[in-house]
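Subject: Structure for you to look at

Hi,

Here's the model I promised, ready to open in your viewer.

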Amino acid sequence: QVQVEESGGGLVQPGGSLRLSCTASGNILSVYFMAWYRQAPGKQRELVAKITSGGSTNYLDSVKGRFTISRGSAEDTAYLQMNGLKPEDTAVYYCNARIGAWGSLDDYWGQGTQVTVSS
């Protein structure tokens, strides 16, 4: 069984920084991509950043130049470094990973971690 878990959220003042971590565990053969989504109250979930197994990245326009997604030394770990945080970045952040296991290829989601940007 595969699990995805996030950590690193919290309360930060405008202009501050946070680093989110995502780790996939279980019977994993390969991780095709890992991504961060966010959902603010009353809004739809949106893709924030994505990184493929080959290292290609893409970002939501509003976070370009402020957020950086990266992979750990193990392919089952990803990070989201968030700098210059703004109140509009407040949301629950979810990690998503497309993972190949024995006999399956599925998308997995973490439970989410709250990020609150407020003075």
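This is a predicted model: local features need pLDDT of at least 70, side-chain atom pairs count only at pLDDT 80 or more; totals for chains, interfaces and linings use all residues.

Strands β1 and β3 run antiparallel and are joined by five bridges. (Helices, H or I of at least four residues, and strands, E of at least two, are DSSP runs numbered from the N terminus; two strands pair if DSSP finds at least two bridges between them.) Two of the residue pairs to click on: Val4 has Ala24 in β3 as its bridge partner, and Gln3 has Ser25 in β3.

Residues are numbered from 1 along each chain as its sequence is written, and side-chain values use heavy atoms, with hydrogens and water left out.

Back to β1, which spans residues 3–7. In a regular strand the side chains alternate between the two faces of the sheet. Here Val4 and Glu6 make up the covered face of β1, with Gln3, Glu5 and Ser7 on the uncovered one.

On β3's pairing with β8: six bridges join these two strands, again antiparallel, and Leu18 stands opposite Met82 in β8. β8 (residues 77–82) also pairs with β7 (residues 67–71), antiparallel and through five bridges. A hairpin of five residues connects β7 to β8, and Arg71 has Ala78 as its bridge partner in β8.

Leaving out residues up to four places away in sequence, Ser21 touches Glu5, Glu6, Ser7, Trp36, Ala78 and Tyr79 (contact means heavy atoms within 4.5 Å).

How many disulfides are there? The count is one, taking a disulfide as a pair of cysteine sulfur atoms within 2.5 Å. Cys22 and Cys95 form it, with S to S at 1.9 Å. The torsion about their S-S bond is about -80°, so the disulfide is left-handed. Cys22 lies in β3 and Cys95 in β9 (residues 91–101), so the pair ties together parts that are 73 residues apart in sequence. Both cysteines, Cys22 and Cys95, are buried.

Then there's the largest pocket, with about 160 Å³ of space. (On a 1 Å grid over the protein atoms alone, a pocket is an open set of points where a 1.4 Å probe fits, with protein on both sides within 12 Å along at least five of seven lines; lining residues have an atom within 4 Å of a point. Points are joined across faces, edges and corners, and the volume is the space filled by probe spheres set on them.) Its lining has 13 residues, with Arg38, Ala40, Lys43, Glu46 and Glu88 nearest the centre. The lining divides into two nonpolar, four polar and seven charged residues (Ala, Val, Leu, Ile, Met, Phe, Trp, Tyr, Cys and Pro count as nonpolar, Asp, Glu, Lys and Arg as charged, the others, Gly among them, as polar).

Last, Gly42 in the loop between β4 (28–39) and β5 (46–52): Gly42 is exposed, at 88% relative accessible area.

Cheers

How values were computed: Buried means under 20% relative accessible area, exposed over 50%, partly exposed in between (1.4 Å probe, protein chains only).
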